[in-house]
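Q: I would like a close look at one part of this model. Please take it step by step and set it in its context.

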There are 2 protein chains.
Amino acid sequence: MPERPQHSPLLTDLYELTMAAAYFENKFEALASFELFVRHLPPGRSFLLAAGLEQALEFLENFRFSEEDVEFLRRHPVFAHVSDGFFEYLRQLRFTGEVWAMPEGTLVFAEEPLVRVTAPIIEAQIVETFLLTSLTFQTLIATKAARVVQAAAGRGIVEFGSRRAHGPQAGVLAARAAYIGGCIGTSNVEAGIRYGIPTFGTLAHSFVMAFNDEGESFRAFQRVFPEHVVLLVDTYDTLAAIDKIIEMGLRPRGVRLDSGDLVELSKQVRRKLDAAGLTDTQIFASGDLNEMAISAALAGGAAIDVFGVGTELATSKDAPALGGVYKLVELEIGSERQYRAKFSPEKATYPGTKQVFRFRNQKGEFERDVIGRSGERFADAEELLACVMREGRRRQPSPALDAVQERAREQLASLPMRYRQLQNADQYPVEISRKLKALQEEVRSEVRQTKHRVIG
Amino acid sequence: MPERPQHSPLLTDLYELTMAAAYFENKFEALASFELFVRHLPPGRSFLLAAGLEQALEFLENFRFSEEDVEFLRRHPVFAHVSDGFFEYLRQLRFTGEVWAMPEGTLVFAEEPLVRVTAPIIEAQIVETFLLTSLTFQTLIATKAARVVQAAAGRGIVEFGSRRAHGPQAGVLAARAAYIGGCIGTSNVEAGIRYGIPTFGTLAHSFVMAFNDEGESFRAFQRVFPEHVVLLVDTYDTLAAIDKIIEMGLRPRGVRLDSGDLVELSKQVRRKLDAAGLTDTQIFASGDLNEMAISAALAGGAAIDVFGVGTELATSKDAPALGGVYKLVELEIGSERQYRAKFSPEKATYPGTKQVFRFRNQKGEFERDVIGRSGERFADAEELLACVMREGRRRQPSPALDAVQERAREQLASLPMRYRQLQNADQYPVEISRKLKALQEEVRSEVRQTKHRVIG
């Protein structure tokens, strides 16, 4: 089938469009503010690292309903009674709203808005699905990457998971998010051409096996990549392969272990290489690794310089979904401002547009966050949400990906270790401001009255 | 940035391209056969449902190295010593190979090849990453969908998970795979326009909350979608909302419960609706559902007609990755045929190209599979791998998605319940043919000799 546009507005749930039609047909006009946040951190996570904003903003700037899209919707049985006016509206539709967001690479905690959208209600509503999928997936992977990188304690991590990612495009996005989280690069070449991420590759067992002789395969590879070759040594017998490399006089940049006891093997390989004068030859390791395995290997004294991490990283395997939500918090109908919140026990939300304030202690470390009303001011606190889009256009070019990675690095370094250790981390303190609590109480009592009126 | 092509050949791991360069520069020419299979079923799975072949074949037919792709690689430091001839080769490269595959919708078990590619070794190698990500992701989701659909015991399942999928394109592919697995449709509109999958949508809490009065929001929605409206009733108080619908004289096609005790609520809602003569109004349920929750709800007597399943389905949350591998099994170098296999204890593979034979018992149920050598014949067994591509072109148009769904339904119905019950299912018997075992022994002893020669 012909290619569909990357920023198709049909990359959404149908109910966004049925709600749009209902607003349109009922002439319900309002400026709406929605906030995107995560109610609870996933199991095994004590922080999140924001990522995915760039793709969300690209979508907001570029989505257009094509004639094909409009015709598809017009023929959909659910829209049988919707007027031509709505379809004409879709044809003209551009996103004209304002977006506040945490920059990519910012640490974020439960209940803190990552993004706030203020726009005519139809525009703000129909972008929900794309924003959620873009922000929550990359945030999930950037977070996992940050944990893996932390476990590696200064050794490089290369993201290797494209083959296990949730489809080819998920692999590219995972590579981007993993780089934000601190990986030195990826195996995904498309991520290299698209985002300028350094790409790494060695060779597969199939290459070694294609030759009748392992040494022959090594020599064939080394010839072509004299400076960059990383030889895969576990196809038959790891230590025997190292001996062969030494006997053949090869001087690879690295060797890769992909199976077996990485601690013992890496120590033995290091000794052999060093004894032969190959002290510059690095040891790469891969094979079902994650932050716990890396941490354990290094604690055991593994002599590994670079880790390749695949499936666990590209799918955030132990926590493969982030429960992001996108909630209506405020409406302007004519000149009237109305607040919205949910008050059910499990799913309570705070009304009104918000700002997140981050306080540092005297050592410059993050001490606590306060979620307050937008417009509140706290001396000495950093305001994490910034206006990134106005009238549907970005206010400034996006930061380079290296700058995003650097921001993430600084943010993580500022978070005391007790809040980010891999296991049993303390919960970072996030408070609600007095003014936001007061607003919640005000809205709650109004809703009680309204519900009483409606139901009674 | 400008759109990148959907079938970019850079949607691959860099090592596929370094191996390609090494084969080219060493003039290593061979016809290679690779097989794609899953070594072990993921935890909690007793079968897999093959999906994703269509996107893999589209890729094989359409990938092309553009000038931009070639220039990117040429400037990559790793290729510094690679000759112009290689880049010229990439410019001309088309997939010219042969592909055998299990049709989408086929039940598949551990170690059974889903796909076999036979092509010049460079072509067969560089498509590895795309084939793996395409086949394993959709297979994972189709399998999860089959389990959820089985739990629903005849009630409809709609896939709702786009917002939690691994990026926008993963949502579309998840919708496709979920439909193959037996869902009646999806919320993802792009999946509707691309694949003709029925799309469903109701309304969000935000719509109800945008109005000052819940009843007003219901009336506004019902006006626009008189025949299709499914009202969301849990924004404030589910039973009160049902009373309101009845009092207002609305006759929605359905009501949706999204929180609370689905068993008790659905029974009470059903009673209220029936008492008011709204016997045709269906009850939809959603909210963190999966196959176990659905099974438990129905066992408890829940009066639910349609389930919306999101995160758990679109990410296969309890088993979010499938360990698919793509292994070199055979080479033709000149007129010589060589077999390849791995013999390490954890990662042993069988050499040579294979066929999967499925036997039925007298009741027509699946009884056992035999993995044999390609070209073997077994009376009364179905051969599951069929030739779908020759010289790089498909041999016939792909089956319609509805036919794929129907095949999946028939396959699942043919699998005795003990092999597909949601928990503690028996392991379906998969045997290795005598001839394949004999080949393995033959290759093993050859490799022993070779290794002895090489190492000794």
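How many residues of chain A are in contact with residues of chain B, and how many of chain B with chain A?

A: The model is predicted. Start with the count. In chain A, 92 residues are in contact with 92 residues of chain B. Helix H1 of chain A, residues 14-25, gives the largest share of the side that touches chain B. That share is eight residues. By class, the side of chain A that touches chain B holds 44 nonpolar residues, 31 polar ones and 17 charged ones.

Chain A has 456 residues, and 54% of them are buried. Its secondary structure comes to 16 helices and 19 strands. The C-alpha trace of chain A spans about 85 × 60 × 40 Å along its principal axes. Contacts reach across the sequence. Take those in chain A between residues at least 6 apart in sequence: 73% join residues at least 24 apart.

Chain A is divided into two domains. Domain 1 is made of 14-140 + 319-455, and domain 2 covers 143-314. Their centres, taken over C-alpha atoms, are separated by 38 Å. The contact between these domains involves 19 residues of domain 1 of chain A and 19 residues of domain 2 of chain A. On the domain 1 side, strand E2 (48-49), helix H6 (128-152) and helix H15 (401-414) of chain A each supply at least two residues. H15(A) gives the largest share of that side, six residues. The domain 1 side divides into 10 nonpolar, five polar and four charged residues.

Then the sheet. Chain A has an open sheet of six strands, in the order E7-E6-E11-E10-E9-E8, with parallel pairing. Strand E7 (185-186) and strand E8 (230-232) of chain A are its edge strands, each pairing on one side only. Within the sheet, strand E9 (residues 254-257) of chain A runs parallel to strand E10 (residues 282-285) of chain A, and four bridges join them. Here Gly254(A) stands opposite Gln282(A) in E10(A).

Chain B lets us look at strand E6 and its partners. Strand E6 (residues 156-159) of chain B is joined by four bridges to strand E11 (residues 306-309) of chain B. The two run parallel. Two bridges join E6(B) to strand E7 (residues 185-186) of chain B, again in parallel. Val158(B) has a bridge partner in each of these strands. In E11(B) the partner is Gly308(B), and in E7(B) the partner is Gly185(B).

The side of chain A that touches chain B has its largest share from H1(A), whereas H15(A) supplies the largest share of the domain 1 side that touches domain 2 in chain A.

Definitions and conventions: Residues are numbered from 1 along each chain as its sequence is written. Chains are lettered from A and ligands numbered from 1 in the order in which they are written. This is a predicted model: local features need pLDDT of at least 70, side-chain atom pairs count only at pLDDT 80 or more; totals for chains, interfaces and linings use all residues. Two residues are in contact if their C-beta atoms, placed from the backbone, lie within 7 Å. Ala, Val, Leu, Ile, Met, Phe, Trp, Tyr, Cys and Pro count as nonpolar, Asp, Glu, Lys and Arg as charged, and the others, Gly among them, as polar. Two strands pair if DSSP finds at least two bridges between them. Domain bounds come from an automatic or database domain assignment. A residue is buried if 20 or more other C-beta atoms lie within 10 Å of its own, exposed if 12 or fewer, and partly exposed in between; C-beta atoms are placed from the backbone.
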